[in-house]
Amino acid sequence: MELNQFLILSAFIFAVGVYGVLARRNGVLVLMSVELMLNAVNLNLIAFSAFNQNINGQIFALFIIAVAAAEVGVGLAIILLIYRNLRSPDLDQVEQLKG
Amino acid sequence: MNPVIDYHALAPEIVLSVTIILCLLVDLFIPDRPRLVPQLASLGVLAAIIPVLTLAVSGTDVSMFGGAFVVDNYALAFDGLFLVVAYITLLVSFDEIADGDYYGGEYYVLLLTSVLGMVMMASSRDLVSIFIALETISIPTFVLAGWRKHDTKSNEAAIKYFLIGVLSSAVMLYGMSLIFGFANGTKLSVISEYSAGSPPALFAVAIFLTIVGFAFKVSAVPFHFWAPDTYEGAPLPVTAFLSVASKAAGFVALLTIIRFGFFNSSDSWQPLIWVLAAASMTFGNLAALRQTNIVRMLAYSSIAQGGFILVPLAVAGDVSGPSAWEAVLVYLMIYAAMNLGAFAVVMAVSRRTHSTEISSFAGLGRVDSVNAVMLSLFMFSLAGIPPLAGWFAKFVIFRAVFDAGTTAAVVLGVIAALNAVVAFFYYSNVVRRMWFDEAPEVVSSPRPASVALTLAIGITVVVVVVVGVYPEVFARLGQLAFASG
């Protein structure tokens, strides 16, 4: 296997994630898109780690997985809060503050 | 193989962690918690300052976990800054939290957790530990921004801050993963060695992505759009914390990663920081000119001040001595004092008027002359008028620019000087309205400011005036912090 194949796949996943964050209006889907971006990072780290025989990348990936879980926990709580107050997970409705 | 652990060097982090756990337990079990938890939290922060001082006196650098965690003067200077800022934030929080009738215990726990991340950040010398520290800072602040659960504005502040925060982390991590691939290591010293060679062009892309991630955190233009909305929607003490402590932590991360990691590829990061600095100053100031709400005005002003802090970083590669790094530290310390002070006065005044519109400050000079004098001092200091501390902050920046002496540096210096003039208009506008306009009728019931809030205003005003008259105090601190490196 070539290193480049993994890097191209991860760049593609990252791009899909960025598109999702920009195009989706549903809070939960935006959150899932961010997860895609983070997993692209993990794929990168593990590919480099295996290719360079350097264990640090895999440790870094483990930390990212743990922190991503914490972030999603907080994120879902905030989206749930908005759903309770506005009866919709649609982020376009959250626009009181402007200027 | 057991790692060597120096408990003295880790003491600030340990004291803060113990305080966090104690606050949680007290909040759960002790009936008198509304009074006890805030006192415990502020005692914990003050106790954490003690080991910072003893470590500074002992003066030996400690390196742990294979060089990923270093306690030296540089780290201690920022530790001290973060802990003092945390203490003042706690002082301005007491009233607001007690009146808000919300979950006080959680507030202090989250705030301290964020401070713990900041103290870790100053010592981190590894991509992994920088990332962990950054997330420890960010995740509690997402919750704090949305702390008024039933207020849709607070919800909006939280979701915007959260989405931008995780997006910026993901971009930053993608950059870090590429850097790991190139340099074959996560330690900043390894990355520094690698960038001293001749790295490929793609390494510049990795640096670009990493710095863009941090640019979101410090709300540099064009990655700033979340800041005004989040600042306005979040509770006022949280806004003060975000605009000072959390922003300073972002700058420390940027400073650490550039100084210890990317320094040798200055071709890659200098132009990027240059653009961010120029755009932040110019756009922040122009947008602040047309604000009618003082919190939004302070939000845009803090974006502009962030641009000023980026100026010495943008020229750091061309400065031979440490004057550019010193400028960042000195500016951050002075900015922390004057911005926290301004927020504290806004809080004290809005307790009476229940409004943060600039129009509600009209005629304050006659109604409440003490607070009007204080706010005038902070506004003039933010504008950089001698003999208040703000002028020295501007001075160290221009000194760094002249030390660099390149064409790019001089152009940036001219942009900064023009912006300082623009900024004077909106700062002085607030002062003009306070002293020369008629006061509007106030119908609501006044709530007097507590001792804690007054103390916070007192501490910050003393710093602003004393450092303005005797700038050697902070200048010496800056020299000490960067003496060995």
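Tutor: Before the labels, a caution: UniProt positions here follow the numbering used in this structure, feature names are shortened, and an annotation may be inferred rather than shown by experiment. This is a predicted model, with pLDDT of at least 70 needed for local features and 80 or more for side-chain atom pairs, while totals for chains, interfaces and linings use all residues. Residues count from 1 along each chain as its sequence is written, and chains are lettered from A and ligands numbered from 1 in the order in which they are written.

Student: Which residues of chain A does the "transmembrane region" annotation cover?

Tutor: The unreviewed UniProt entry puts it on residues 6–22, 29–51 and 57–83 of chain A.

Student: And how much of residues 6–22 is helix?

Tutor: Helices are DSSP runs of H or I with at least four residues, strands are E runs of at least two, and both are numbered from the N terminus. Residues 6–22 of chain A come out 100% helix and 0% strand, with 24 Å between the end C-alpha atoms. Residues 29–51 of chain A are likewise 100% helix and 0% strand, and there the end C-alpha atoms are 33 Å apart.

Student: How many residues of chain A are in contact with chain B?

Tutor: Contact means C-beta atoms, placed from the backbone, within 7 Å of each other. By that rule 34 residues of chain A meet 35 of chain B. On the chain A side, H1 (3–23), H2 (27–52) and H3 each supply at least two residues, and H3(A) gives the largest share, with 16. By class, that side has 24 nonpolar, nine polar and one charged residues. Here Ala, Val, Leu, Ile, Met, Phe, Trp, Tyr, Cys and Pro count as nonpolar, Asp, Glu, Lys and Arg as charged, and the others, Gly among them, as polar.

Student: At what angle do H3(A) and H5(B) pack?

Tutor: H3 (residues 56–86) of chain A and H5 (residues 127–145) of chain B pack at about 5°, axes 11 Å apart. Residues making the contact include Phe60(A), Phe63(A) and Glu71(A) on H3(A), and Phe131(B), Glu135(B) and Phe142(B) on H5(B). By class it has 13 nonpolar, no polar and two charged residues.

Student: Ser219(B) has a positive phi without being a glycine. Is Ser219(B) buried or exposed?

Tutor: Count other C-beta atoms, placed from the backbone, within 10 Å: 20 or more is buried, 12 or fewer exposed, in between partly exposed. Ser219(B), phi near 45°, also lies in the H8–H9 loop of chain B and is buried because it has 28 such neighbours. Asn184(B), not a glycine either, has phi about 55° in the loop between H6 (152–183) and H7 (188–196) of chain B; with 18 neighbours Asn184(B) is partly exposed.

Student: What share of chain B counts as buried?

Tutor: Of its 485 residues, 62%. The secondary structure of chain B comes to 19 helices and two strands, and its C-alpha trace spans about 70 × 55 × 40 Å along the principal axes.

Methods: Axes fitted to C-alpha atoms, helices over the stretch in contact; angles between N-to-C directions. Contact = placed C-beta atoms within 7 Å.
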